[in-house]
Amino acid sequence: MAGATGLCAGGFAIRSLAAETPAQPPDEDGYKLWLRYAPMGNASKNYRQAVRQIRVDGSSATHRIIRDELRSATTAMLGGAVPANETGLPDGTLLVGTPDHSALIRDLSWTADLLAVGNEGFLIRSVRIVKHPVTVIAANTDIGALYGAFHFLRLMQTGQRIEQLDIKERPSLQLRLMNHWDNPNGSIERGYAGRSMWQWNDLPDKLSPRYSDYARTCASVGINGAVINNVNADPSILAAGNLRKVAALAEVWRPYGVRMYLCANFAAPVRIGGLTTADPLNQGVADWWKAKADEIYRLIPDFGGFLVKANSEGQPGPKTYGRTHADGANVLADALAPHRGNVMWRAFVYDDDIDPDRAKRAYIEFTRLDGQFRPNVVIQVKNGAIDFQPREPFHPLFGAMKQTPVIAEIQATQEYLGQAKHLVYLGTLWKEFLDSDTHANGGGSTVAKVLTGEGQPSRITGLVSVTNPGLDANWCGHHFSQSNWYAFGRLAWNPNLSAEHVADEWTRMTFTNDDKTVAVIRKMMMTSRETFVKYTMPLGLHHLIGGDHYAPQPWNDRAARADWTAVYYHKAAADGIGFDRTRRGDHAVEQYYPPVCDRFDDIKTCPEQYLLWFHRCAWNYPMKSGKTLWDELCGKYQEGAAQAAGLQQTWQALAGRIDSSRHKEVADRLAIQVADAAKWRDQILEYFGRFSKRPIPRSI
Ligand code: GCV
């Protein structure tokens, strides 16, 4: 297929690439992620004038990190050593610092502009200082300067011009956190990239180089914290010996601006504290949490706070003691408040005594508690009301809590999206979510605006990601899964970036700056999530899986709970398929603001991508295409599987343009993806065909 011009099975054109194939790039294992700083070759001459000397004013650990990063990155990209020198200001100096540590930056009198970028933002400007043309990266804090340095390097890595810069950046959201689901025994719940990076047996004395590499990677996209343990939390993480280990990690991360957070098991006062109860209204329990918080802050003065999964999937919580989620969150919040720590309380709760429909439960539980949480509590809500499905409408809690800050939880580890076997770029999924209009404060109240507090001011804002790195050489299992770590960081910094822009940046930094190759990869990425939806759960179908959350199991009707089966959701029968959540059904649509609820409620206006999420339809229901629902469904599965094959062919055509090692590793996974997509198509259609009793049209 390499070099062929034409339309591949996936439907997009592969331009003739073979004739112009550049020299085969050297093999890479992916460890360097998007911080490879590949030599620029001829392109470097455009940059050499602008970067002739690096001057970082200051001597903190962060300043040293900035200096090293800039020096090694520019030297690698430009193909010759760029000196770092703290004196002098020759033409082409790259000057980095804060007014506190740099008289030169102080003298620029950028006070108002610096004020506007806050504690984590930065300015990058091309200016003349005493007639010398220089580039200045200025910030209020060392961490702002570090973010500025990475931004500047990104401009170079992606081939942007850097001679006339006037950049002002600040993050739109405060909490930009990795959520690791790592267990003390080294396993990772829903982890697909090897074992946990945290070496508990070696800590606190022996520090793996991965810890700083990890923090550096996070900082490069503005991620400013990490919750390092599973939400299904082992209480022992809070024991004194383990806290010393956690503190050692926190110390490595501090100069990179990555703050430490922990998941707390709500029953810790009993399980490790020797109390007989964890009742949040018990004074002894409150005292225990207070003492525990004080102990943590003695070891980790900038500790960020606790994330809690309570009364969900068997985890203990306040309801165990007849108390509310607000009572539970508040006892922890009171313990953290003197230290300025926060509680992130998860809304991923679905007790079946609340409502027969799992999708409705969290909204019901949390809206009635709005106003009862302490100021340092945020409710952490998954993007959709079920559980990181390939496609879900946004969770109705976004915009619904008027007095309680809400942050969003998205998932980079592709639990329901092919894990580390399928190429699925999630930037498009997250943008669909962030751009959804909640109408909470009239039209235009997108989820992004709810999160950033633009519509309705919020004390605490944030976007967090259940994340994917492990001990695999390439960190994320699949080389393309790295893009989801990257995209999370970029969108948490600026939810208004387009998915395409982020994909373009990542491709250039991770693989190549060759425009033609970038265009092909970008297109693969941009179509990949929709392709996955089509061959797994199109038209609003969801949860057609079993316990592994990977393979098709629409027949799954036996599990510990009804809402862990597939049949609970699709309800396929002779008369049709789908979950009636309309006003004629279980009224779930009413959890959305008008006109969103009306749009979802009316089968004529409900977007077809959510059709079977909200509506139950006959197999011959006429779709907008003119086909029956059954034929449309078959078409989606067939198209999806064909597009997966198309991805594979497109990648094949890139052989020689990507180093052979990474090319082969991706190709091997694409082979699995193509085979599994065909299985999804065949097994799902065979199963639903038992109910529809209709032939499968061969549309592709
Ligand atoms: C950590 C889903 C996952 C669980 C996960 C849970 C959660 O149910 O399958 O592994 O538990 O979500 O988000 O708490």
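I begin with the side chain of Q414, which makes a polar contact with the side chain of N484 at 3.0 Å. Please bear in mind that this is a predicted model. The side chain of Q414 also makes a polar contact with that of S481, here at 2.9 Å.

Where does Q414 lie? Q414 belongs to the loop that runs between strand β14, residues 406-411, and helix α12, residues 427-434. Is Q414 buried or exposed? Its relative accessibility is 2%, and because buried means under 20%, Q414 counts as buried. If we set aside the neighbours within four places in sequence, the residues in contact with Q414 are Y192, Q419, H422, V424, L426, S481 and N484. Two of these names, S481 and N484, have already come up as polar partners of the Q414 side chain.

I turn now to the ligand. How many residues surround the ligand? There are 14, and the closest are E189, K309, R346, K382 and E415. By class, this shell divides into 8 charged, 3 polar and 3 nonpolar residues.

For E189, a side-chain N or O atom is 2.4 Å from an oxygen atom of the ligand. For E415, the corresponding distance, again from a side-chain N or O atom to a ligand oxygen, is 2.5 Å. D387 also takes part: one of its polar side-chain atoms lies 3.1 Å from an oxygen atom of the ligand.

Note on methods. Residues are numbered from 1 along each chain as its sequence is written. This is a predicted model: local features need pLDDT of at least 70, side-chain atom pairs count only at pLDDT 80 or more; totals for chains, interfaces and linings use all residues. Side-chain values use heavy atoms; hydrogens and water are left out. A residue is near a molecule or strand if one of its heavy atoms lies within 4 Å of it. A polar contact is a pair of N or O atoms within 3.5 Å; within protein, one must be able to donate a hydrogen and the other to accept it, and residues adjacent in sequence count only if both atoms are side-chain atoms. Ala, Val, Leu, Ile, Met, Phe, Trp, Tyr, Cys and Pro count as nonpolar, Asp, Glu, Lys and Arg as charged, and the others, Gly among them, as polar. Helices (H or I, at least four residues) and strands (E, at least two) are DSSP runs, numbered from the N terminus. Buried means under 20% relative accessible area, exposed over 50%, partly exposed in between (1.4 Å probe, protein chains only). Contact means heavy atoms within 4.5 Å.
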